[in-house]
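The entries follow in the order in which I went through them.

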Amino acid sequence: MSRYLKSCIATLALIAAAASVACAQAVPAGTMSPSVGPSLPSVDGVFHYALRASEMVEIGSERVGTGNSAVFSGDAAYNSTSVVHPFSMIYAGGLILGNEYGGHATSFQNLAISQGLVAGRWHFAVSDSVSYLPETPTLGLSGIPGVGDLGSGTGQGVSSGPAGGVLTNNATNVSNALTGNVERELTPLTSISGSGDWSMLRFPKGEGLENTQYSGNLGLNHRLDARDTISGSALYSTYSYGGGIGLTMQTRGITAAFERTLSSSLKGSASAGPMWLSSSNSALIPSRVTVSTNLNLSYIREITQMSVSYSRGVNGGSGVQPGALSDDISASIGRSYGPDWRASLSGNYTHTSGLLQEGALVGSSTSLFPYAGGTTNLTFAGVQVSRKLTDSFSAFATYNIQHQSIDDSLSTQNAFSGLTQTFGVGITFSPRSTSLGQF
């Protein structure tokens, strides 16, 4: 039994145990148990978990053509009620048993935690997210299509899609992102903020180009009125690549942002600004100026949640190429129909251009450079319908589609090319959220 299998089983057992403790020791929110002896930390908050068993079929798999798998998965979420030191945690993971990954039991793991602190006019936050996945993440809480967590009721998400906008050929990958934020209120309407980030993408089986990113930004924020906020930021990022290629890339940018609350249900934001790009080898990645842009619109009202977003910017290249510029459009909608039915739909389109200057590789000492700067067009979408059976059990059916086209320069890279479709059906056990008191 592999250590990843043991890890997954242990984690799922921990979730079940934690849930049992929660149900046995739940107390009304806002109450405190009498303490005896040394004071123990309060865990006032809301805990939710779900366990799933499903069967999925993938058509168009790079490894087996048509894959059949049984999936046992779960997720758990906790949000504290503290205003002074808010804490949140979300986990999603499980086991895939079948011929999809060479007939081996394959685990997938995602964990994200966040801790905040409010001290007078100072606001601090630190967050970390880590994942171990057998393929590039796409939709759902776990990022694995077909497992049944699309539109999960936790209200949070771990997976943010491909790290750079390109699908790889089922490459096992490990990613980690650590972020620290600080904000200082200068006046009731104005604040200054800053953040620092570290992230990495690794391929334990050597199936992709590994990279590490450091970034930071400093911003000034001002609230114009109850609905409108403006801000300006200066940003810096650096990317370094493994594999013995000896290449680093830097970006510097300035952005202006505007956020508006259009109604109690509808919010929108927009930011844009120039971005300067440079590298340690200008023959491979020449200096240039581009534009960084983000547009977001979200709607939340009772039984319906919807969001639409567009972004343009530089990223690490998804393990396929050293640096890329991507345009990304995504949309999602979730809606309940009566007390028993719920449907969720999500979709994404990404156009990615590699930053590597292909012409510089011909007839020079760099002609043996193993990577290319081609372009990809990626589309993926998913739909899931759930039917409540009892207070704790529900059944679901899900369908996911992924299509990616690549140009000839990427044909020797670990970039997926073609179409895959994933069908899944299963059952979910998800009791009501539990309010925790103090252990």
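The notes below go from the whole chain to strand pairing, aromatic rings, a surface patch and salt bridges.

**Entry 1: the whole chain**

I note at the start that this is a predicted model. I counted the secondary structure and got 1 helix and 19 strands. The chain has 439 residues, and 42% of them count as buried.

**Entry 2: strand 18 and its partners**

I looked up which strands pair with strand 18. One position I wrote down is S54, whose bridge partner in strand 18 is G426. Strand 17 is also antiparallel to strand 18, with 12 bridges between them. Here I noted that F393 stands opposite F429 of strand 18.

**Entry 3: aromatic rings**

How many aromatic pairs does the whole structure hold? My search returned 6. In one of them, W122 and F124 are stacked, with 5.9 Å from centre to centre and 10° between the planes. I checked the accessibility of both residues. W122 is partly exposed at 38% relative accessible area, and F124 is partly exposed at 35%.

The pair of Y399 and F423 is tilted, with centres 5.0 Å apart and planes at 45°. Y399 sits in strand 17 (residues 393-406) and F423 in strand 18 (residues 418-429), so this pair ties together parts of the chain 24 residues apart in sequence. Y399 has 26% relative accessibility and counts as partly exposed. F423 is partly exposed too, at 37%.

I then looked for rings joined into a group. F47, Y49, F393 and F429 are linked by ring pairs into a cluster. Of these, F393 and F429 are the residues I had already noted as standing opposite each other.

**Entry 4: a nonpolar patch**

One patch covers about 830 Å² and is made by L262, L297, M306, V308, I333, Y337, W341, L345, V383 and V385. Which elements give two or more residues to this patch? They are strand 13 (304-315), strand 14 (324-337), strand 15 (341-354) and strand 16 (375-388). I looked up L297 separately and found it in strand 12, residues 288-301. L297 has a relative accessible area of 39% and is partly exposed. Its value is over the 30% needed for a patch residue, so L297 can be counted there.

**Entry 5: salt bridges**

The search of the whole structure gave 5 salt bridges. I wrote up three of them, starting with D228 and R260, where the closest N and O atoms are 2.7 Å apart. D228 is in strand 9 (residues 228-241) and R260 in strand 10 (residues 248-261), so the pair links distant parts of the chain, 32 residues apart. Is D228 buried or exposed? D228 counts as buried, because its relative accessibility is 8% and the cut-off is under 20%. R260 is partly exposed at 29%.

Next I took D327 and R312, whose side chains meet in a salt bridge of 2.8 Å, N to O. D327 belongs to strand 14 and R312 to strand 13, and the pair links distant parts of the chain, 15 residues apart. D327 is buried, with a relative accessible area of 18%. R312 is partly exposed, with 24%.

The last one I looked up joins the side chains of D340 and R387 at 3.7 Å, N to O. D340 lies in the loop between strand 14 and strand 15, while R387 is in strand 16, so the pair ties together parts 47 residues apart in sequence. I found D340 partly exposed at 29% relative accessible area. R387 also counts as partly exposed, at 31%.

How values were computed. Residues are numbered from 1 along each chain as its sequence is written. This is a predicted model: local features need pLDDT of at least 70, side-chain atom pairs count only at pLDDT 80 or more; totals for chains, interfaces and linings use all residues. Side-chain values use heavy atoms; hydrogens and water are left out. Helices (H or I, at least four residues) and strands (E, at least two) are DSSP runs, numbered from the N terminus. Buried means under 20% relative accessible area, exposed over 50%, partly exposed in between (1.4 Å probe, protein chains only). Rings of Phe, Tyr and Trp (its six-membered ring) pair if their centres lie within 6.5 Å; planes under 30 degrees apart count as stacked, over 60 as edge-to-face and the rest as tilted. Two strands pair if DSSP finds at least two bridges between them. Patches are made of residues with over 30% relative accessible area and no salt bridge: like charges are joined within 9 Å, nonpolar side chains (Val, Leu, Ile, Met, Phe, Trp, Tyr) within 5 Å. Accessible areas come from the Shrake-Rupley method with a 1.4 Å probe; for residues, only the protein chains shown count as cover. A salt bridge is a side-chain nitrogen of Lys or Arg within 4 Å of a carboxyl oxygen of Asp or Glu.
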